[in-house]
Amino acid sequence: MASSPPPSATPPPAGPPAPPPSLAGLFLGMQQVALSSFGGGLSAWSQRIVVENRRWMSNEEFITGLTVARLFPGPNQINMAVYIGARFHGLAGALAALAGMLLLPFSVLLLIGLAYFYLHLVMAVDRVLAGVVAAAAGMALSMGFKILGEYRRDPLALLLAVASFLAMDVFHVRLIPLVLVLGPIAMALYWPRSPRQPAPAAGPEP
């Protein structure tokens, strides 16, 4: 249903930050994310709309919020909408962003589900859904490359990412044990530390 092209792998140069959005702006922005990402790729579209188009957050701030959203239970983008709304307007902002993410898409989803119930055995519909899945995988990869560009000069972040990938994909470690183990390790490694004070120079001996 999205008429605009999918997010590109290389974002355009960021402009100056925009003023904080109003409650109506949050509602419409999250509704744009939800309606643009039919078929998947929510993270990619969310980054494009929130960071590149509306400039509510920097790319680093967005990645921080996305990390927090993925650490909590529940759908990532629902958590992300709550995070963005609460960042600007507290509880009211969280509710406005959540309504924008869910209200109209949920209504459309009910209609599509009803249509699928009657049409899912039609071969053409099955092939269309297979194509949508492939497009969603491409959008997820696009988001991954954007995050990779943000951390490509940070070997420690890349090492943690590779360790997470190997643990889940090769050794089939479940998500909760992985988060409980790697999460504290990552926080300890990145915890801000005060710079060491230079030792006082030795004075002349008497």
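The following legends describe close-up views of a predicted model.

**View 1. The largest pocket and the residues nearest its centre.** The largest pocket in this predicted structure has a volume of about 1,800 Å³. Its lining is made up of 37 residues. Nearest the centre of the pocket lie T67, R70, L160, A161 and S164.

**View 2. Helices that contribute to the lining of the largest pocket.** At least two lining residues come from each of α3 (59–71), α5 (123–151), α6 (155–170) and α7 (175–190). Helix α7 provides the largest share, with ten residues. Sorted by class, the lining of the largest pocket consists of 28 nonpolar, six polar and three charged residues.

**View 3. Packing of helix α1 against helix α4.** Helix α1 spans residues 23–36, and helix α4 spans residues 76–119. The two helices pack with their axes 7 Å apart, at an angle of about 45°. The crossing in which α1 passes α4 is right-handed. In the contact of α1 with α4 there are 17 nonpolar and five polar residues, and no charged ones.

**View 4. The salt bridge between R87 and E61.** One salt bridge is found when the whole structure is searched. This salt bridge joins the side chains of R87 and E61, with an N to O distance of 3.1 Å. R87 belongs to helix α4 and E61 to helix α3. The two residues are 26 residues apart, and the pair links distant parts of the chain.

**View 5. The crossing of helices α2 and α3.** Helix α2 covers residues 42–53, and helix α3 covers residues 59–71. The axes of α2 and α3 come within 10 Å and cross at roughly 140°. An angle must be over 145 degrees to count as roughly antiparallel, so α2 and α3 are classed as oblique to each other. The crossing of these two helices, α2 and α3, is right-handed.

Terms used. Residues numbered from 1 in each chain as written. Predicted model: local features only at pLDDT ≥ 70, side-chain atom pairs only at ≥ 80, totals over all residues. Heavy atoms only, no water. 1 Å grid on protein atoms, 1.4 Å probe; cavity = no way out; pocket = protein on both sides within 12 Å on 5 of 7 lines; lining within 4 Å. Points joined across faces, edges and corners; volume = space filled by probe spheres on them. Helix = DSSP H or I, 4+ residues; strand = E, 2+ residues; numbered from the N terminus. Nonpolar A, V, L, I, M, F, W, Y, C, P; charged D, E, K, R; others polar. Axes fitted to C-alpha atoms, helices over the stretch in contact; angles between N-to-C directions. Left-handed = near helix turned anticlockwise from the far one by under 90°. Salt bridge = Lys/Arg side-chain N within 4 Å of Asp/Glu carboxyl O. Parallel < 35°, antiparallel > 145°, perpendicular 65-115°, else oblique.
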